[in-house]
Amino acid sequence: MSKRRSGRAAVTGIGVVAPNGLRTDAYWKSVREGLGVLDLITREGCEHMPLRVAGEVRSFDPAALIEDRFLVQTDRFSHFAMAAAALALDDAGLGGEPADPYSVGVVTAAGSGGGEFGQRELQKLWGKGSKYVGPYQSIAWFYAASTGQISIRGGLKGPCGVVASDEAGGLDALAHAARAVRRGTDVMVVGAAEAPLAPYSMVCQLGYPELSTLDDPDRAYRPFTEKACGFVPAEGGALLVVEDEGRARERGVPVRGVVAGHAATFTGASRWAESREGLAHAITGALDEAGVAPEEVDVVFADALGMPEADRAEALAIADALGAHGTRVPVTAPKTGFGRAYCGAPVLDTVAAMLAMEHGLVPPTPNVFDVCHDLDLVTQHARPAELRTALVLSRGLMGSNAALVVRRGDDSAR
Amino acid sequence: MITTEVTFDELAALMKQAAGITVDPEELKDAAESPFDSFGLDSLGLLGIVGELENRYGASLPPDSERCRTPREFLNLVNSTLTAGA
(Lines give C-alpha, C1' and ligand atoms only; values in the text may rest on other atoms or scores of the structure.)
Protein backbone atom coordinates (compact mmCIF):
# COMPACT_ATOMS: atom_id res chain seq x y z
CA MET A 1 0.00 0.00 0.00
CA SER A 2 1.18 3.47 -0.86
CA LYS A 3 2.65 5.65 1.85
CA ARG A 4 1.40 8.81 0.23
CA ARG A 5 -2.32 8.29 -0.21
CA SER A 6 -4.06 11.28 -1.66
CA GLY A 7 -7.61 10.02 -1.27
CA ARG A 8 -8.19 10.84 -4.93
CA ALA A 9 -9.03 8.19 -7.51
CA ALA A 10 -6.80 8.66 -10.54
CA VAL A 11 -7.23 7.06 -13.94
CA THR A 12 -3.85 5.75 -15.06
CA GLY A 13 -4.81 3.33 -17.81
CA ILE A 14 -7.29 3.42 -20.70
CA GLY A 15 -8.35 0.54 -22.94
CA VAL A 16 -10.84 1.19 -25.73
CA VAL A 17 -12.65 -1.20 -28.06
CA ALA A 18 -15.05 1.02 -29.97
CA PRO A 19 -16.70 1.11 -33.41
CA ASN A 20 -14.57 4.15 -34.29
CA GLY A 21 -11.28 2.87 -32.91
CA LEU A 22 -9.74 -0.27 -31.48
CA ARG A 23 -7.22 1.59 -29.37
CA THR A 24 -7.28 4.79 -27.37
CA ASP A 25 -5.32 6.85 -29.89
CA ALA A 26 -7.46 5.66 -32.82
CA TYR A 27 -10.63 6.34 -30.82
CA TRP A 28 -9.53 9.86 -29.91
CA LYS A 29 -8.54 10.66 -33.48
CA SER A 30 -12.03 9.64 -34.71
CA VAL A 31 -13.76 11.51 -31.88
CA ARG A 32 -11.69 14.64 -32.41
CA GLU A 33 -12.40 14.63 -36.15
CA GLY A 34 -16.08 13.93 -35.62
CA LEU A 35 -15.84 10.84 -37.79
CA GLY A 36 -19.16 9.09 -38.38
CA VAL A 37 -18.88 5.30 -38.52
CA LEU A 38 -22.54 4.37 -38.14
CA ASP A 39 -23.47 1.94 -40.87
CA LEU A 40 -25.90 -0.76 -41.92
CA ILE A 41 -25.70 -3.77 -39.65
CA THR A 42 -23.76 -6.64 -41.20
CA ARG A 43 -23.49 -9.10 -38.33
CA GLU A 44 -24.73 -12.59 -39.19
CA GLY A 45 -28.45 -13.17 -38.78
CA CYS A 46 -29.17 -9.48 -38.17
CA GLU A 47 -29.54 -8.14 -41.69
CA HIS A 48 -33.29 -8.63 -41.98
CA MET A 49 -34.26 -6.86 -38.75
CA PRO A 50 -36.15 -3.56 -38.63
CA LEU A 51 -33.20 -2.14 -36.69
CA ARG A 52 -30.94 -1.27 -39.60
CA VAL A 53 -28.16 1.03 -38.46
CA ALA A 54 -25.68 0.60 -35.60
CA GLY A 55 -22.08 1.10 -34.56
CA GLU A 56 -20.36 -2.23 -35.17
CA VAL A 57 -16.89 -3.00 -33.90
CA ARG A 58 -15.39 -4.27 -37.12
CA SER A 59 -11.91 -5.69 -37.62
CA PHE A 60 -11.85 -6.93 -34.04
CA ASP A 61 -10.14 -10.31 -34.07
CA PRO A 62 -10.69 -11.93 -30.68
CA ALA A 63 -8.44 -14.88 -31.50
CA ALA A 64 -5.49 -12.53 -31.95
CA LEU A 65 -6.03 -10.98 -28.52
CA ILE A 66 -7.46 -13.67 -26.26
CA GLU A 67 -6.43 -17.24 -25.48
CA ASP A 68 -8.59 -20.08 -26.84
CA ARG A 69 -9.67 -21.31 -23.43
CA PHE A 70 -11.19 -17.90 -22.66
CA LEU A 71 -12.75 -17.59 -26.13
CA VAL A 72 -14.51 -20.95 -25.88
CA GLN A 73 -16.23 -20.10 -22.63
CA THR A 74 -17.18 -16.46 -23.17
CA ASP A 75 -19.47 -14.24 -25.23
CA ARG A 76 -18.41 -11.40 -27.51
CA PHE A 77 -19.18 -8.85 -24.77
CA SER A 78 -16.55 -10.49 -22.58
CA HIS A 79 -14.11 -10.67 -25.49
CA PHE A 80 -14.38 -6.88 -25.79
CA ALA A 81 -14.03 -6.44 -22.03
CA MET A 82 -11.01 -8.73 -21.70
CA ALA A 83 -9.26 -7.04 -24.63
CA ALA A 84 -9.99 -3.57 -23.24
CA ALA A 85 -8.88 -4.54 -19.73
CA ALA A 86 -5.56 -5.84 -21.03
CA LEU A 87 -5.03 -2.64 -23.02
CA ALA A 88 -5.82 -0.54 -19.93
CA LEU A 89 -3.48 -2.51 -17.66
CA ASP A 90 -0.68 -2.26 -20.23
CA ASP A 91 -1.33 1.46 -20.59
CA ALA A 92 -1.02 1.84 -16.83
CA GLY A 93 2.27 -0.08 -16.82
CA LEU A 94 0.57 -2.92 -14.93
CA GLY A 95 0.57 -5.64 -17.58
CA GLY A 96 1.52 -9.18 -16.59
CA GLU A 97 1.10 -10.92 -13.26
CA PRO A 98 0.33 -8.52 -10.41
CA ALA A 99 2.92 -8.44 -7.62
CA ASP A 100 0.11 -8.73 -5.08
CA PRO A 101 -2.98 -10.33 -6.66
CA TYR A 102 -5.18 -9.20 -3.77
CA SER A 103 -4.35 -5.55 -4.42
CA VAL A 104 -6.16 -5.42 -7.77
CA GLY A 105 -9.94 -5.64 -8.12
CA VAL A 106 -12.38 -5.56 -11.03
CA VAL A 107 -15.79 -3.97 -11.46
CA THR A 108 -17.79 -3.85 -14.67
CA ALA A 109 -21.26 -2.70 -15.60
CA ALA A 110 -23.44 -4.73 -17.94
CA GLY A 111 -26.71 -4.00 -19.64
CA SER A 112 -27.60 -7.36 -21.10
CA GLY A 113 -24.85 -9.96 -20.75
CA GLY A 114 -23.88 -12.44 -23.43
CA GLY A 115 -26.85 -12.72 -25.77
CA GLU A 116 -25.07 -14.29 -28.70
CA PHE A 117 -23.55 -17.15 -26.69
CA GLY A 118 -26.86 -17.69 -24.90
CA GLN A 119 -28.80 -17.87 -28.13
CA ARG A 120 -26.41 -20.44 -29.60
CA GLU A 121 -26.73 -22.74 -26.61
CA LEU A 122 -30.50 -22.34 -26.33
CA GLN A 123 -30.81 -23.23 -30.00
CA LYS A 124 -28.95 -26.45 -29.19
CA LEU A 125 -31.37 -27.01 -26.32
CA TRP A 126 -34.50 -26.94 -28.45
CA GLY A 127 -32.82 -28.13 -31.65
CA LYS A 128 -30.95 -31.17 -30.33
CA GLY A 129 -31.74 -31.60 -26.65
CA SER A 130 -30.47 -30.70 -23.21
CA LYS A 131 -27.42 -32.94 -23.48
CA TYR A 132 -26.06 -30.75 -26.25
CA VAL A 133 -25.98 -27.55 -24.20
CA GLY A 134 -22.40 -26.76 -23.23
CA PRO A 135 -21.65 -26.17 -19.54
CA TYR A 136 -20.21 -22.70 -20.17
CA GLN A 137 -23.76 -21.56 -20.87
CA SER A 138 -24.00 -21.41 -17.08
CA ILE A 139 -21.56 -18.48 -16.96
CA ALA A 140 -21.11 -16.93 -20.40
CA TRP A 141 -24.45 -15.12 -20.77
CA PHE A 142 -24.35 -13.77 -17.24
CA TYR A 143 -24.00 -10.07 -16.43
CA ALA A 144 -21.05 -10.89 -14.17
CA ALA A 145 -19.13 -12.86 -16.80
CA SER A 146 -16.76 -10.08 -17.87
CA THR A 147 -15.74 -9.17 -14.34
CA GLY A 148 -15.10 -12.83 -13.58
CA GLN A 149 -13.11 -13.53 -16.72
CA ILE A 150 -10.98 -10.37 -16.44
CA SER A 151 -10.24 -11.38 -12.86
CA ILE A 152 -9.37 -14.99 -13.76
CA ARG A 153 -7.35 -14.10 -16.85
CA GLY A 154 -5.29 -11.47 -15.04
CA GLY A 155 -5.03 -13.35 -11.73
CA LEU A 156 -6.70 -10.40 -10.01
CA LYS A 157 -8.05 -11.35 -6.57
CA GLY A 158 -8.98 -8.00 -5.06
CA PRO A 159 -12.56 -6.83 -4.52
CA CYS A 160 -14.69 -7.63 -7.55
CA GLY A 161 -18.19 -6.59 -8.47
CA VAL A 162 -20.73 -6.04 -11.19
CA VAL A 163 -23.06 -3.09 -11.49
CA ALA A 164 -26.36 -3.88 -13.18
CA SER A 165 -28.04 -0.49 -13.00
CA ASP A 166 -29.01 0.21 -16.57
CA GLU A 167 -26.95 2.21 -19.06
CA ALA A 168 -25.95 4.76 -16.41
CA GLY A 169 -24.30 1.84 -14.61
CA GLY A 170 -21.18 2.59 -16.62
CA LEU A 171 -20.73 5.71 -14.49
CA ASP A 172 -21.89 3.95 -11.32
CA ALA A 173 -19.13 1.37 -11.86
CA LEU A 174 -16.52 4.14 -12.06
CA ALA A 175 -17.82 5.56 -8.78
CA HIS A 176 -17.74 2.09 -7.24
CA ALA A 177 -14.10 1.67 -8.29
CA ALA A 178 -13.18 5.11 -6.99
CA ARG A 179 -14.70 4.23 -3.61
CA ALA A 180 -12.82 0.91 -3.52
CA VAL A 181 -9.57 2.80 -4.13
CA ARG A 182 -10.38 5.36 -1.45
CA ARG A 183 -11.06 2.48 0.96
CA GLY A 184 -7.59 1.10 0.36
CA THR A 185 -7.56 -1.19 -2.68
CA ASP A 186 -4.43 -0.36 -4.69
CA VAL A 187 -5.83 -0.75 -8.18
CA MET A 188 -9.26 -1.24 -9.76
CA VAL A 189 -9.92 -2.32 -13.33
CA VAL A 190 -13.26 -0.78 -14.21
CA GLY A 191 -15.58 -0.13 -17.11
CA ALA A 192 -18.08 -1.74 -19.43
CA ALA A 193 -18.28 -3.32 -22.86
CA GLU A 194 -21.39 -4.59 -24.57
CA ALA A 195 -22.27 -6.77 -27.57
CA PRO A 196 -25.92 -6.05 -28.36
CA LEU A 197 -25.67 -6.72 -32.10
CA ALA A 198 -26.70 -10.36 -32.38
CA PRO A 199 -30.10 -11.72 -33.43
CA TYR A 200 -31.61 -12.50 -30.03
CA SER A 201 -30.18 -9.34 -28.46
CA MET A 202 -31.49 -7.23 -31.33
CA VAL A 203 -34.98 -8.68 -31.01
CA CYS A 204 -34.92 -7.74 -27.33
CA GLN A 205 -34.18 -4.14 -28.28
CA LEU A 206 -36.85 -3.86 -30.96
CA GLY A 207 -39.45 -3.13 -28.31
CA TYR A 208 -37.71 0.05 -27.17
CA PRO A 209 -39.69 3.03 -28.44
CA GLU A 210 -36.44 5.05 -28.23
CA LEU A 211 -34.69 2.91 -30.84
CA SER A 212 -34.05 4.62 -34.17
CA THR A 213 -35.08 2.41 -37.06
CA LEU A 214 -34.01 4.78 -39.82
CA ASP A 215 -31.82 3.14 -42.44
CA ASP A 216 -29.73 6.22 -43.25
CA PRO A 217 -26.57 6.19 -41.11
CA ASP A 218 -26.17 9.98 -41.34
CA ARG A 219 -29.73 10.68 -40.18
CA ALA A 220 -30.53 7.86 -37.79
CA TYR A 221 -29.12 9.45 -34.61
CA ARG A 222 -29.45 13.23 -34.39
CA PRO A 223 -30.18 14.26 -30.81
CA PHE A 224 -30.99 17.87 -29.90
CA THR A 225 -32.42 18.54 -33.38
CA GLU A 226 -35.98 18.66 -34.65
CA LYS A 227 -35.17 15.54 -36.65
CA ALA A 228 -34.35 13.53 -33.54
CA CYS A 229 -35.88 10.08 -33.95
CA GLY A 230 -34.26 7.94 -31.31
CA PHE A 231 -30.85 6.45 -30.66
CA VAL A 232 -28.62 4.05 -32.53
CA PRO A 233 -27.05 1.20 -30.54
CA ALA A 234 -23.40 0.28 -30.64
CA GLU A 235 -21.15 -2.48 -29.42
CA GLY A 236 -17.85 -2.17 -27.59
CA GLY A 237 -16.82 -0.04 -24.64
CA ALA A 238 -13.86 0.83 -22.50
CA LEU A 239 -12.04 -0.35 -19.40
CA LEU A 240 -9.96 1.91 -17.19
CA VAL A 241 -7.36 1.44 -14.50
CA VAL A 242 -8.08 3.49 -11.38
CA GLU A 243 -5.69 3.86 -8.45
CA ASP A 244 -4.89 6.33 -5.71
CA GLU A 245 -3.30 9.42 -7.17
CA GLY A 246 -0.48 9.36 -4.62
CA ARG A 247 0.34 5.81 -5.61
CA ALA A 248 0.30 6.76 -9.30
CA ARG A 249 2.73 9.61 -8.60
CA GLU A 250 4.99 7.23 -6.69
CA ARG A 251 4.98 4.83 -9.63
CA GLY A 252 5.74 7.75 -11.91
CA VAL A 253 2.88 7.07 -14.33
CA PRO A 254 0.84 9.81 -15.98
CA VAL A 255 -2.54 10.58 -14.42
CA ARG A 256 -5.09 10.77 -17.24
CA GLY A 257 -7.89 12.15 -15.10
CA VAL A 258 -9.33 12.13 -11.59
CA VAL A 259 -12.74 10.70 -10.76
CA ALA A 260 -13.89 13.53 -8.53
CA GLY A 261 -17.63 13.18 -7.98
CA HIS A 262 -20.64 11.03 -8.82
CA ALA A 263 -24.31 10.76 -8.04
CA ALA A 264 -27.14 8.63 -9.37
CA THR A 265 -30.92 8.87 -9.29
CA PHE A 266 -33.87 6.93 -10.65
CA THR A 267 -36.97 8.35 -12.32
CA GLY A 268 -38.66 5.40 -14.04
CA ALA A 269 -38.49 3.63 -17.38
CA SER A 270 -38.97 5.83 -20.45
CA ARG A 271 -40.34 8.66 -18.28
CA TRP A 272 -38.16 11.19 -20.01
CA ALA A 273 -39.86 14.36 -18.78
CA GLU A 274 -39.22 13.19 -15.22
CA SER A 275 -35.58 12.49 -16.04
CA ARG A 276 -35.07 16.28 -16.00
CA GLU A 277 -35.40 16.40 -12.25
CA GLY A 278 -33.48 13.16 -11.72
CA LEU A 279 -30.59 14.16 -13.92
CA ALA A 280 -30.41 17.64 -12.35
CA HIS A 281 -30.22 16.03 -8.91
CA ALA A 282 -27.47 13.70 -10.11
CA ILE A 283 -25.48 16.62 -11.51
CA THR A 284 -25.80 18.61 -8.28
CA GLY A 285 -24.83 15.58 -6.22
CA ALA A 286 -21.78 14.88 -8.35
CA LEU A 287 -20.64 18.51 -8.22
CA ASP A 288 -21.11 18.52 -4.42
CA GLU A 289 -19.02 15.41 -3.98
CA ALA A 290 -16.32 16.86 -6.22
CA GLY A 291 -16.40 20.22 -4.47
CA VAL A 292 -16.91 21.86 -7.85
CA ALA A 293 -19.06 24.95 -8.43
CA PRO A 294 -21.38 24.92 -11.48
CA GLU A 295 -19.30 27.66 -13.17
CA GLU A 296 -16.21 25.48 -12.91
CA VAL A 297 -17.63 22.89 -15.32
CA ASP A 298 -15.71 23.42 -18.56
CA VAL A 299 -17.44 20.86 -20.78
CA VAL A 300 -20.48 18.58 -20.61
CA PHE A 301 -20.61 15.18 -22.32
CA ALA A 302 -24.33 14.79 -22.81
CA ASP A 303 -26.39 11.63 -22.63
CA ALA A 304 -28.00 12.70 -25.93
CA LEU A 305 -30.71 10.08 -26.16
CA GLY A 306 -32.16 11.45 -29.37
CA MET A 307 -35.87 11.52 -28.38
CA PRO A 308 -37.25 15.08 -28.45
CA GLU A 309 -38.77 14.76 -24.98
CA ALA A 310 -35.58 13.25 -23.54
CA ASP A 311 -33.34 15.83 -25.21
CA ARG A 312 -35.50 18.64 -23.83
CA ALA A 313 -35.33 17.12 -20.34
CA GLU A 314 -31.55 16.88 -20.55
CA ALA A 315 -31.11 20.47 -21.77
CA LEU A 316 -33.37 21.67 -18.95
CA ALA A 317 -31.59 19.50 -16.37
CA ILE A 318 -28.26 21.05 -17.36
CA ALA A 319 -29.80 24.51 -16.96
CA ASP A 320 -31.48 23.57 -13.67
CA ALA A 321 -28.22 22.31 -12.18
CA LEU A 322 -25.71 24.74 -13.69
CA GLY A 323 -27.87 27.87 -13.86
CA ALA A 324 -27.01 30.44 -16.51
CA HIS A 325 -23.67 28.66 -17.00
CA GLY A 326 -25.67 25.76 -18.41
CA THR A 327 -26.44 27.65 -21.59
CA ARG A 328 -22.84 28.85 -22.03
CA VAL A 329 -20.79 25.76 -21.24
CA PRO A 330 -19.76 23.73 -24.30
CA VAL A 331 -21.82 20.54 -24.57
CA THR A 332 -20.90 17.64 -26.81
CA ALA A 333 -22.04 14.12 -27.70
CA PRO A 334 -19.34 12.32 -29.69
CA LYS A 335 -21.44 9.15 -29.54
CA THR A 336 -23.63 10.40 -32.41
CA GLY A 337 -20.72 9.34 -34.61
CA PHE A 338 -20.59 5.72 -33.44
CA GLY A 339 -23.69 4.93 -31.40
CA ARG A 340 -24.64 4.15 -27.83
CA ALA A 341 -22.91 1.08 -26.46
CA TYR A 342 -25.34 0.86 -23.53
CA CYS A 343 -23.25 0.63 -20.31
CA GLY A 344 -20.13 1.10 -22.42
CA ALA A 345 -21.39 4.47 -23.69
CA PRO A 346 -20.77 6.62 -20.60
CA VAL A 347 -17.39 4.95 -20.07
CA LEU A 348 -16.40 5.84 -23.65
CA ASP A 349 -17.65 9.37 -22.90
CA THR A 350 -15.48 9.48 -19.79
CA VAL A 351 -12.49 8.46 -21.91
CA ALA A 352 -13.33 11.17 -24.44
CA ALA A 353 -13.66 13.68 -21.58
CA MET A 354 -10.19 12.86 -20.22
CA LEU A 355 -8.65 13.04 -23.69
CA ALA A 356 -10.47 16.30 -24.41
CA MET A 357 -8.96 17.81 -21.25
CA GLU A 358 -5.54 16.38 -22.10
CA HIS A 359 -5.65 17.92 -25.60
CA GLY A 360 -7.55 21.12 -24.77
CA LEU A 361 -10.15 20.32 -27.40
CA VAL A 362 -13.91 19.81 -27.16
CA PRO A 363 -14.77 17.17 -29.79
CA PRO A 364 -17.80 17.73 -32.01
CA THR A 365 -21.19 16.01 -32.21
CA PRO A 366 -21.23 14.26 -35.62
CA ASN A 367 -24.32 14.42 -37.85
CA VAL A 368 -25.94 17.12 -35.70
CA PHE A 369 -26.40 20.57 -37.24
CA ASP A 370 -29.49 22.55 -36.28
CA VAL A 371 -29.72 22.43 -32.51
CA CYS A 372 -33.21 23.25 -31.25
CA HIS A 373 -32.40 23.57 -27.53
CA ASP A 374 -30.77 26.31 -25.50
CA LEU A 375 -27.39 24.58 -25.39
CA ASP A 376 -23.98 25.46 -26.74
CA LEU A 377 -23.65 22.13 -28.52
CA VAL A 378 -20.30 21.76 -30.27
CA THR A 379 -20.91 20.61 -33.83
CA GLN A 380 -18.89 20.00 -37.00
CA HIS A 381 -15.40 20.81 -35.70
CA ALA A 382 -13.55 20.35 -32.44
CA ARG A 383 -13.32 23.54 -30.42
CA PRO A 384 -10.06 24.48 -28.63
CA ALA A 385 -10.61 25.29 -24.95
CA GLU A 386 -8.77 25.15 -21.66
CA LEU A 387 -10.52 22.28 -19.91
CA ARG A 388 -10.00 21.35 -16.27
CA THR A 389 -13.33 19.86 -15.28
CA ALA A 390 -15.70 17.70 -17.31
CA LEU A 391 -19.21 16.56 -16.50
CA VAL A 392 -20.36 13.25 -18.01
CA LEU A 393 -24.08 12.46 -18.08
CA SER A 394 -25.86 9.19 -18.66
CA ARG A 395 -29.42 7.92 -18.58
CA GLY A 396 -30.73 4.43 -19.07
CA LEU A 397 -33.87 3.29 -20.83
CA MET A 398 -35.06 1.76 -17.57
CA GLY A 399 -34.89 5.05 -15.67
CA SER A 400 -31.42 5.41 -14.17
CA ASN A 401 -29.69 8.78 -14.30
CA ALA A 402 -26.07 9.41 -13.35
CA ALA A 403 -23.53 12.20 -13.45
CA LEU A 404 -19.77 11.97 -13.09
CA VAL A 405 -17.29 14.79 -12.55
CA VAL A 406 -13.83 14.14 -13.95
CA ARG A 407 -10.94 16.53 -13.45
CA ARG A 408 -7.85 16.86 -15.54
CA GLY A 409 -5.02 14.72 -14.28
CA ASP A 410 -2.17 17.18 -14.26
CA ASP A 411 -4.27 19.82 -12.45
CA SER A 412 -4.84 17.81 -9.35
CA ALA A 413 -1.13 17.11 -9.08
CA ARG A 414 -0.45 20.70 -8.18
CA MET B 1 -21.49 -50.38 -28.48
CA ILE B 2 -17.91 -49.35 -28.93
CA THR B 3 -15.08 -51.24 -30.43
CA THR B 4 -12.24 -48.94 -29.43
CA GLU B 5 -11.42 -47.18 -26.21
CA VAL B 6 -11.28 -43.44 -25.73
CA THR B 7 -7.62 -42.59 -26.20
CA PHE B 8 -5.35 -39.80 -25.08
CA ASP B 9 -5.55 -38.50 -28.65
CA GLU B 10 -9.31 -38.25 -28.43
CA LEU B 11 -9.17 -36.69 -24.97
CA ALA B 12 -6.68 -34.07 -26.18
CA ALA B 13 -8.95 -33.25 -29.12
CA LEU B 14 -11.92 -32.95 -26.77
CA MET B 15 -10.00 -30.64 -24.44
CA LYS B 16 -9.40 -28.38 -27.43
CA GLN B 17 -12.96 -28.56 -28.71
CA ALA B 18 -14.85 -28.27 -25.43
CA ALA B 19 -12.54 -26.08 -23.39
CA GLY B 20 -10.17 -24.39 -25.83
CA ILE B 21 -7.13 -26.04 -24.31
CA THR B 22 -4.28 -27.01 -26.58
CA VAL B 23 -2.35 -29.99 -25.29
CA ASP B 24 -0.12 -32.41 -27.13
CA PRO B 25 -1.57 -35.98 -26.84
CA GLU B 26 1.87 -37.39 -26.03
CA GLU B 27 2.36 -34.87 -23.25
CA LEU B 28 -1.09 -35.67 -21.94
CA LYS B 29 -0.18 -39.35 -21.88
CA ASP B 30 3.16 -38.71 -20.18
CA ALA B 31 1.53 -36.54 -17.55
CA ALA B 32 -1.57 -38.69 -17.17
CA GLU B 33 -1.33 -38.63 -13.37
CA SER B 34 -1.19 -34.82 -13.23
CA PRO B 35 -4.37 -33.01 -12.21
CA PHE B 36 -6.54 -31.56 -14.98
CA ASP B 37 -5.93 -28.14 -13.37
CA SER B 38 -2.32 -28.30 -14.44
CA PHE B 39 -3.43 -28.38 -18.09
CA GLY B 40 -5.76 -25.45 -17.47
CA LEU B 41 -8.93 -27.55 -17.59
CA ASP B 42 -11.54 -26.49 -15.04
CA SER B 43 -14.55 -28.40 -13.77
CA LEU B 44 -16.92 -26.93 -16.37
CA GLY B 45 -14.48 -27.91 -19.10
CA LEU B 46 -14.47 -31.51 -17.88
CA LEU B 47 -18.26 -31.46 -17.66
CA GLY B 48 -18.36 -30.39 -21.31
CA ILE B 49 -16.09 -33.29 -22.28
CA VAL B 50 -18.32 -35.74 -20.39
CA GLY B 51 -21.37 -34.39 -22.24
CA GLU B 52 -19.64 -34.66 -25.60
CA LEU B 53 -18.57 -38.28 -24.93
CA GLU B 54 -22.10 -39.20 -23.81
CA ASN B 55 -23.53 -37.78 -27.02
CA ARG B 56 -20.81 -39.36 -29.14
CA TYR B 57 -21.17 -42.87 -27.69
CA GLY B 58 -24.86 -42.72 -26.82
CA ALA B 59 -24.11 -43.84 -23.28
CA SER B 60 -24.45 -42.34 -19.82
CA LEU B 61 -21.27 -41.85 -17.85
CA PRO B 62 -21.35 -42.09 -14.05
CA PRO B 63 -21.61 -38.87 -12.01
CA ASP B 64 -18.07 -39.51 -10.74
CA SER B 65 -16.64 -39.03 -14.23
CA GLU B 66 -16.91 -35.25 -14.02
CA ARG B 67 -15.16 -35.33 -10.66
CA CYS B 68 -12.07 -37.21 -11.89
CA ARG B 69 -8.88 -35.38 -11.04
CA THR B 70 -6.47 -36.72 -13.65
CA PRO B 71 -6.57 -37.85 -17.29
CA ARG B 72 -5.64 -41.42 -16.27
CA GLU B 73 -8.41 -41.61 -13.69
CA PHE B 74 -10.90 -40.16 -16.19
CA LEU B 75 -10.02 -42.48 -19.08
CA ASN B 76 -10.04 -45.54 -16.81
CA LEU B 77 -13.51 -44.71 -15.57
CA VAL B 78 -14.87 -43.76 -18.99
CA ASN B 79 -13.46 -46.82 -20.74
CA SER B 80 -14.54 -49.25 -18.05
CA THR B 81 -18.06 -47.81 -18.22
CA LEU B 82 -18.24 -47.88 -22.01
CA THR B 83 -16.79 -51.40 -22.20
CA ALA B 84 -19.11 -52.69 -19.48
CA GLY B 85 -22.10 -51.32 -21.33
CA ALA B 86 -21.01 -52.97 -24.58
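Helices and strands are runs assigned by DSSP, a helix having at least four residues and a strand at least two, and they are numbered from the N terminus. In this predicted model, chain A comes to 15 helices and 15 strands. The radius of gyration of chain A is 20 Å, close to the 22 Å that the globule rule gives for 414 residues, so the chain is as compact as a globular protein of that length. Taken along the principal axes, the box filled by its C-alpha atoms is roughly 65 × 55 × 35 Å.

Two further values describe the packing of chain A. Of its 414 residues, 59% are buried. Among contacts with a separation of 6 or more, 80% are between residues 24 or more positions apart.

The strands come next. In chain A, 11 strands form an open sheet with mixed pairing. Read across the sheet, the order is E5-E4-E6-E7-E1-E8-E15-E14-E9-E10-E12. Which strands stand at the edges? They are E5 (160–163) and E12 (376–377) of chain A, and each has a single partner strand, so one side of each is left without a neighbour in the sheet.

Strand E1 of chain A, residues 9–17, can be followed in more detail. Eight bridges join E1 to strand E7 of chain A, residues 236–244, and the two run antiparallel. One residue of chain A to look for is A:Ala9, which stands opposite A:Asp244 in E7(A).

Helix H1 of chain A spans residues 24–33, and its buried residues are A:Thr24, A:Tyr27, A:Trp28, A:Ser30 and A:Val31. Why can these residues be said to line one face of the helix? Seen down the axis of H1(A), they fall within an arc of 165°, so they line one face. What covers the buried residues of H1(A) includes E1 and helix H14 (344–359) of chain A. After H1(A) comes A:Gly34, whose phi is positive, near 70°.

Terms used
Residues numbered from 1 in each chain as written. Chains lettered and ligands numbered in written order. Predicted model: local features only at pLDDT ≥ 70, side-chain atom pairs only at ≥ 80, totals over all residues. Rg over C-alpha atoms; globule rule 2.2 N^0.38 Å. Buried ≥ 20, exposed ≤ 12 C-beta atoms within 10 Å, placed from the backbone. Contact = placed C-beta atoms within 7 Å. Pairing = 2+ DSSP bridges. Arc of directions from axis to C-beta.
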